[in-house]
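Please read it alongside the coordinates.

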Amino acid sequence: MLIDYLKIILGIILAVLVQYFIVDQINFGPFIKPYVYLLGFLFLNFERNKYAQLGLAFFAGFFMDLLHQSYGMHTAASVATLYFKIKAEGVVLNTEAISLQGNHHLTPKFKGLRFYAIYIGLLIALHHLIFFSLDYYKWSSFLTIIISTASSTIVSLAFIHLIKTYLIRRE
């Protein structure tokens, strides 16, 4: 059990370092800021302790805040996103059916690629909306927040899907 959590923590550290040293160095334009470090905690197993999951999201956000000097914005957005993910798992997903199929987290095979993309996309959009709202922090930037959230969500979802597909094929 402890070994599993150490692997998850190392995966989160790797995802944050890839975010900081690779993805953040690419200039996508003024409104696109993809955050692929979400991969580290969006795909945690359903069976994991919910408080441990929130702690891992806090750890990932805090590590991002340390690297970016963003004063808790990543932490707040990460914890809020994982909190809503946990609530959505209880309401929208039938986690027992997914577990009976041999999966421990949501995959496109369960309800199809469309449902998977919408579900993960909404969680990523929620993260980006919270983060950009805290980043711009004024009502006069409402349109900028919406544009940044939408464009960054699309690019983040594409990156996360590509990385996740690569990791699944590697296994």
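This is a predicted model: local features need pLDDT of at least 70, side-chain atom pairs count only at pLDDT 80 or more; totals for chains, interfaces and linings use all residues.

Tyr-137 belongs to the loop between helix 7 and helix 8, and its phi is positive, about 55°, although the residue is not a glycine. Most residues other than glycine have a negative phi.

Tyr-71 likewise has a positive phi of about 55° without being a glycine, and its place is the loop between helix 3 and helix 4. With a relative accessibility of 79%, Tyr-71 counts as exposed, since the cut-off for that class is over 50%.

## Helix 3 against helix 4

The loop that holds Tyr-71 lies between helix 3 and helix 4, and the axes of these helices, which span residues 50-68 and 73-91, come within 7 Å and cross at roughly 155°. Helix 3 is therefore roughly antiparallel to helix 4, given that angles over 145 degrees are placed in that class. The crossing of helix 3 with helix 4 is right-handed.

On the helix 3 side, the contact is formed by Lys-50, Gln-53, Leu-54, Ala-57, Phe-58, Gly-61, Phe-62, Met-64, Asp-65 and His-68, while helix 4 contributes Met-73, His-74, Thr-75, Ser-78, Val-79, Leu-82, Tyr-83, Lys-85, Ile-86 and Glu-89. By class, the residues of the contact of helix 3 with helix 4 comprise 10 nonpolar, six polar and four charged. The C-alpha atoms of Tyr-83 and Gly-61 are separated by 13 Å, and the two residues are 22 residues apart along the chain.

## Helix 4 against helix 7

Helix 4 also packs with helix 7, their axes coming within 9 Å and crossing at roughly 150°. This angle makes helix 4 roughly antiparallel to helix 7, and the crossing is right-handed. From helix 4, the contact draws on Met-73, His-74, Ala-76, Ala-77, Ser-78, Ala-80, Thr-81, Phe-84, Lys-85, Ala-88 and Glu-89, and from helix 7 on Tyr-119, Leu-123, Leu-126, His-127, Ile-130, Phe-131, Leu-134 and Asp-135. The contact of helix 4 with helix 7 is made up of 12 nonpolar, four polar and three charged residues.

## Helix 1 against helix 3

Helix 1 and helix 3 pack with their axes 10 Å apart, at an angle of about 30°. Helix 1 is therefore roughly parallel to helix 3, and helix 1 passes helix 3 in a right-handed crossing. Helix 1 brings Tyr-5, Ile-8, Ile-9, Ile-12, Ile-13, Val-16, Leu-17, Gln-19 and Tyr-20 to the contact, where they meet Ala-52, Leu-56, Phe-59, Ala-60, Phe-63, Met-64, Leu-67 and His-68 of helix 3. The residues of the contact of helix 1 with helix 3 are 15 nonpolar and two polar, with no charged residue.

## The largest nonpolar core

Which residues have the most contacts inside the largest nonpolar core? They are Tyr-37, Phe-41 and Leu-106, in a core of 38 residues. At least two residues of this core come from each of helix 1 (2-21), helix 2 (39-42), helix 3, helix 4, helix 7 (113-136) and helix 8 (142-170), and the largest share, seven residues, is supplied by helix 7.

When residues up to four places away in sequence are not counted, Phe-41 touches Ala-57, Ala-60, Ser-78, Leu-82 and Lys-85.

Leaving aside neighbours within four places in sequence, Gly-121 is in contact with Thr-153 and Leu-157. The C-alpha atoms of Gly-121 and Gly-11, which are 110 residues apart along the chain, are separated by 21 Å.

Conventions: Residues are numbered from 1 along each chain as its sequence is written. Side-chain values use heavy atoms; hydrogens and water are left out. Axes are lines fitted to C-alpha atoms, for helices over the stretch in contact, and angles run from 0 to 180 degrees between N-to-C directions. Helices (H or I, at least four residues) and strands (E, at least two) are DSSP runs, numbered from the N terminus. Angles under 35 degrees count as roughly parallel, over 145 as roughly antiparallel, 65 to 115 as roughly perpendicular and the rest as oblique. A crossing is left-handed if the near helix is turned anticlockwise from the far one by less than a right angle, and right-handed if clockwise. Contact means heavy atoms within 4.5 Å. Ala, Val, Leu, Ile, Met, Phe, Trp, Tyr, Cys and Pro count as nonpolar, Asp, Glu, Lys and Arg as charged, and the others, Gly among them, as polar. A nonpolar core is a set of buried Ala, Val, Leu, Ile, Met, Phe, Trp, Tyr and Cys residues joined through side-chain atoms within 4.5 Å. Buried means under 20% relative accessible area, exposed over 50%, partly exposed in between (1.4 Å probe, protein chains only).
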